Amino acid sequence: MSKPKVLITRPDVPEASIKKLQNECDIEIYEKPNPISKEELLKRMPGKTGLYCLLTDPIDRDVIEAAGPSLKVIATMSVGYDHIDLNACKEKNIKVSNTPDVSSDSVAEWTVTLMLCAGRNFLEAATSIKKGKWVHQWSPLWLCGEGLAGATIGIVGMGRIGQSVMKRVLPFQVKEVLYFDIFHPIKPAEELGAKFVEFEDLLKQCDFIVSMCNLSEETKNLFNKKAFSSMKPNAVFINTSRGGVVNQKDLYDALKNKVIRAAAIDVTIPEPLPKDHELLTLPNLIVTPHVASAETNVRHKMGDLAAENVLLGVKGQELKTPVPMPK
């Protein structure tokens with residue numbers, strides 16, 4: 001009996017996940033350590049039973065149809081799955097999985113790190129000596145920022161990662177945590193003291209505003225000119241969710257014109273962001289290259305979970321972490 005055929009779209013995924021699939025599947029690995037193109041996917045997908053992919057891979061209807069009737073499962077080594085055409089998968093009865101939960105702690109830690117760095121002017125302070133700006137031994141108001149103690153924190157999207165962020169900011173003696181989520185009340189968050197408010201009220205009341213929401217038609221460009229104009233002048237905005245929830249031109253204008261004080265983002269459109277992008281000229285913005293979950297043990301867990309889902313899917317069994325299909 002022939003083994004199921006599985007395509008892995010990157011050679012630099014965790015080695016253990018590759019070996020796990022090699023034991024039971026006939027695997028093909030895209031050779032280049034960079035995102036696979038749609039053309040390569042169309043060429044390699046015919047006859048495949050399973051696909052192990054990443055967030056950077058365009059798994060659209062054309063790619064899914066190119067696989068033919070053999071394709072049973074698509075497992076993405078990511079929390080996000082908006083790169084996969086779920087409607088096409090549903091029509092063809094293809095199971096889809098992601099890797100949620102395993103990265104919640106690492107993303108939450110990075111998010112709080114960005115909150116502290118943006119709030120306290122860390123980036124400017126860390127580069128001031130190299131730029132020759134430290135000219136006096138000590139200045140009382142130079143590089144002064146605002147910390148988390150006594151601050152009102154707003155979290156938009158109180159899922160697992162949002163709750164993990166909340167747990168980490170509470171020990172900083174914040175004043176309160178407000179949240180907005182289309183699904184509410186969220187009891188675990190409220191048991192910790194979070195208060196639900198409408199989106200507009202959260203924007204007006206919070207000193208730090210953290211985007212933790214999924215990308216959808218409802219959340220696309222959620223943080224736009226109107227939203228930034230509703231924030232306090234001293235507000236700090238953080239986005240470690242999806243680049244598409246922010247209108248980047250409006251964010252640029254808000255920071256440049258001091259509508260808000262500072263921001264830090266780990267996700268952008270496009271990715272990678274060109275080194276000459278206007279956002280990178282702002283002294284009050286920190287941009288990191290989508291590395292919030294970049295913790296070695298987390299990436300290995302994500303790889304292992306994706307491989308397990310592929311193996312379950314090619315056997316026709318229930319996936320460990322299935323993605324909900326559209327209704």
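Predicted model: local features only at pLDDT ≥ 70, side-chain atom pairs only at ≥ 80, totals over all residues.
Colleague: Why is Phe223 called buried?

Modeller: The relative accessible area of Phe223 is 0%. Buried means under 20%, so Phe223, at 0%, counts as buried.

Colleague: What makes Phe237 count as buried or exposed?

Modeller: Phe237 has 0% relative accessibility. The cut-off for buried is under 20%, therefore Phe237 is buried.

Colleague: Why is the pair of Phe223 and Phe237 called tilted?

Modeller: The ring centres of Phe223 and Phe237 are 4.8 Å apart, and rings pair if their centres lie within 6.5 Å. The planes of Phe223 and Phe237 are at 50°. Under 30 degrees counts as stacked and over 60 as edge-to-face, so the pair, at 50°, is tilted.

Colleague: Where in the chain do Phe223 and Phe237 sit?

Modeller: Phe223 is in the loop between β9 and α10 (225-230), and Phe237 is in strand β10, 14 residues apart. Both belong to one aromatic cluster, which also includes Tyr179, Phe180, Phe196, Phe199 and Phe228. The count of aromatic pairs comes to 6.

Colleague: Which residues touch the most other members of the largest nonpolar core?

Modeller: Met115, Ile153, Met158, Val165 and Val177 do, in a core of 31 residues. Elements that each supply at least two residues of this core include α5 (104-119), β6 (152-156) and α7 (160-169). With 7 residues, α5 gives the most.

Colleague: What does Met115 touch?

Modeller: Leaving out residues up to four places away in sequence, Met115 touches Leu148, Ile153, Val165, Val169, Phe208, Val210 and Ile238. Another core, of 30 residues, lies apart from the largest one and has Leu222, Val245, Ala254 and Ile260 among its members.

Definitions and conventions. Residues numbered from 1 in each chain as written. Heavy atoms only, no water. Core = buried A, V, L, I, M, F, W, Y, C linked by side-chain atoms within 4.5 Å. Buried < 20%, exposed > 50% of the residue type's maximum accessible area, 1.4 Å probe, protein only. Helix = DSSP H or I, 4+ residues; strand = E, 2+ residues; numbered from the N terminus. Contact = heavy atoms within 4.5 Å.
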